[in-house]
Amino acid sequence: MKKVYLVGIGMGNPDTLTVGAQKAVAASQLAIGAQRLVDAFPEFAGERRVLIKSADIAAAIHESTAETISVLLSGDQGFYSGAAGLYNLLADCDVEALPGISSPVYFAAKLKKSWQDAYLVSAHGRACNVVGAVQSHAKTFALTGGNAKVHEICQQLVDRGLGHLRAYAGERLSYPDERIVSGTVADLATQQFLDLAVLWVENDAPLKRRYAAPAFTDSDFQRGDAPMTKEEIRELSVCKLHLEPQHTVWDVGAGTGSVSLEMAMAVTEGQVIAIERNEPALELMAQNKERLGACNLTIVAGKAPEALEPLPAPDRVFIGGSGGNMTRIMQVALEKNPSVRFVITAITLETIGTALASFKELGLTGVEVVSVNVSRDRKAGPYHLMTAENPVYIMSAEGTGAC
């Protein structure tokens, strides 16, 4: 049976190679890996093969007459490594993994910081929501590259209003020309970085919910004279939206933003876009956003459906006010995402009829109507009496996914 070492060689500099890894490579007749990894062993006396894809590496191992083989991998095999695809392909070999120093470990040491509580992600060659990770974690470490370079990610964070966060970027780690830059996210957004680089961002106020369910009280918001969805209705409506952390959500007719802010706390890796045309309400919403620290809430001044056209595709849409354009509002959302889910609140029978007619006209599924009756206590001398509020109707439905 062939002996195959999966050797994590650290950052690439031989100084970051463990003694065990050095011995394994020296004992091998064949070394396989990317060009820069193979080049890290100029004194290796055996055969060298420059290969990257797991299938190609496995085929070369099976075809080779060598009995001891080292597959050279960067960093640690457990951290976004090509080793994951090799274990099954080499099931007929005696495989031993020898981890090296991974980039988050090395970079944290250079920064004199601990990394055990950092959130680790990779945007190198894969889809990754780095902005969502940063806004929802105190420490984020990211591998960058491809279409997500350090300065590009930092610009996205600036656009999200997080340009003030402390950030560190590193490239050519462990090599003589190693470069480490520190500053604010906004500072790093103005600089250029190599394709293979790392980013560390610290956020002292990450998005997080105080409780496991929606739980802002009405007193948490600046209210003024603008309309506001009350606490009990707000909580039920957010639950009916079936929100996931990465969702993009529209709040159409957002008022003072009470529902928007509840949703922002739920989609900590996503974003909420609140559309409102009333100027006093917009001012109150901005105050509430600042007060409650919802960096993932974007406020759009305008009237729907016109203001919706340039917005990103929504996963969920809450309609608190439609200005008589309910059907067209839903059409715009469906054109962007045929599977979008809607929740609409109403207090008049006419609005209920309009919503149900729109659901039918647009072919939505999963239609549900809930009537919520809330009573509040009031003092009457030494006694407490219950006073009924007007019933509120919460309606939900979703697209079929058909384009």
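**Entry 1: the cores**

I began with the largest nonpolar core, which holds 51 residues; Val 150, Leu 157, Leu 188, Leu 199, Val 201 and Met 263 touch the most other members. Helix H9 (residues 258-266) gives this core its largest share, 5 residues. I also noted another core lying apart from it, with 28 residues, among them Trp 250, Ala 333, Ala 346 and Phe 359. A reminder to myself: this is a predicted model.

Next I looked up Leu 157. Not counting residues up to four places away in sequence, Leu 157 touches Val 131, Val 134, Leu 162, Gly 163, Val 185 and Val 201.

**Entry 2: Lys 139**

Is Lys 139 buried or exposed? I found its relative accessibility to be 16%, and buried means under 20%, so Lys 139 counts as buried. I placed Lys 139 in strand S7 (residues 139-144). What does its side chain meet? I found a polar contact with the side chain of Asp 117, at 3.0 Å. Leaving aside neighbours within four places in sequence, I listed Ser 114, Asp 117, Ala 118, Tyr 119, Trp 200 and Val 201 as contacts of Lys 139.

**Entry 3: the open sheet**

I then traced an open sheet of 5 strands, paired in parallel in the order S3-S2-S4-S1-S5. Strands S3 (47-50) and S5 (94-98) are at the edges with a single partner strand each, so one side of each has no neighbour in the sheet. Neighbouring strands here are turned by 20° against each other on average, direction ignored.

For Ala 31, I noted Ser 70 as the bridge partner in S4.

Technical notes: Residues are numbered from 1 along each chain as its sequence is written. This is a predicted model: local features need pLDDT of at least 70, side-chain atom pairs count only at pLDDT 80 or more; totals for chains, interfaces and linings use all residues. Side-chain values use heavy atoms; hydrogens and water are left out. Helices (H or I, at least four residues) and strands (E, at least two) are DSSP runs, numbered from the N terminus. Buried means under 20% relative accessible area, exposed over 50%, partly exposed in between (1.4 Å probe, protein chains only). A polar contact is a pair of N or O atoms within 3.5 Å; within protein, one must be able to donate a hydrogen and the other to accept it, and residues adjacent in sequence count only if both atoms are side-chain atoms. Contact means heavy atoms within 4.5 Å. A nonpolar core is a set of buried Ala, Val, Leu, Ile, Met, Phe, Trp, Tyr and Cys residues joined through side-chain atoms within 4.5 Å. Two strands pair if DSSP finds at least two bridges between them. Axes are lines fitted to C-alpha atoms, for helices over the stretch in contact, and angles run from 0 to 180 degrees between N-to-C directions.
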